[in-house]
Amino acid sequence: MAKTFKRVANIQIHTDMFILRRITKTKVEINTDLGIEYVLVLKEKNKEEFSERTKQWQEEDLNNLYGLVCFDDSEAIMPLYSDSSYYIMVNDGKTFANISNK
């Protein structure tokens with residue numbers, strides 16, 4: 001992943017890119033570029049926000065779902081399923097957060 005920079009008041013600030021790494025129960029690894037920011041909405045901790053973001057989803061789409069990662073200014077949503085493991089990574093490959101269902 002390329003490093004990006006923001007220019008604030010003529011000062012260049014380094015900004016890491018975030019990657020969502022999903023490892024399925026069959027050990028398939030899927031990496032999704034989240035950009036420079038994301039929103040994590042967990043069903044049990046953010047019930048109102050979760051309901052609002054999934055109100056037009058079908059009931060079967062919500063099975064086994066414990067949260068969402070929203071990115072691209074909340075235009076894109078990645079569902080988080082209990083039978084997979086999820087990690088937020090930074091562009092150098094280090095784990096920023098383990099967001100797997102616990």
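Is Glu 29 buried, partly exposed or exposed? In this predicted model, in which local features need pLDDT of at least 70, side-chain atom pairs count only at pLDDT 80 or more, and totals for chains, interfaces and linings use all residues, Glu 29 is partly exposed, with a relative accessible area of 46% (buried means under 20%, exposed over 50% and partly exposed in between, with a 1.4 Å probe and protein chains only). Residues are numbered from 1 along each chain as its sequence is written, and side-chain values use heavy atoms, with hydrogens and water left out.

Glu 29 forms a salt bridge with Arg 21, the closest N and O atoms lying 3.2 Å apart, where a salt bridge is a side-chain nitrogen of Lys or Arg within 4 Å of a carboxyl oxygen of Asp or Glu. Arg 21 is likewise partly exposed, at 24% relative accessible area. The whole structure holds 6 salt bridges, including one between Glu 44 and Lys 47, with the closest N and O atoms 3.6 Å apart; Glu 44 is exposed at 60%, and Lys 47 is exposed at 52%.

Strand β3 (residues 18-23) runs antiparallel to strand β4 (residues 29-35), to which 6 bridges join it; strands are DSSP runs (E, at least two residues), numbered from the N terminus, and two of them pair if DSSP finds at least two bridges between them. Within this pairing, Ile 19 stands opposite Asp 33 of β4, while in the hairpin, which has 5 residues between the strands, Lys 27 takes a positive phi near 70°. Strand β3 also pairs with strand β8 (residues 85-90) in the antiparallel sense, over 6 bridges, with Ser 85 of β8 as the bridge partner of Ile 23.

Key
Helices (H or I, at least four residues) and strands (E, at least two) are DSSP runs, numbered from the N terminus.
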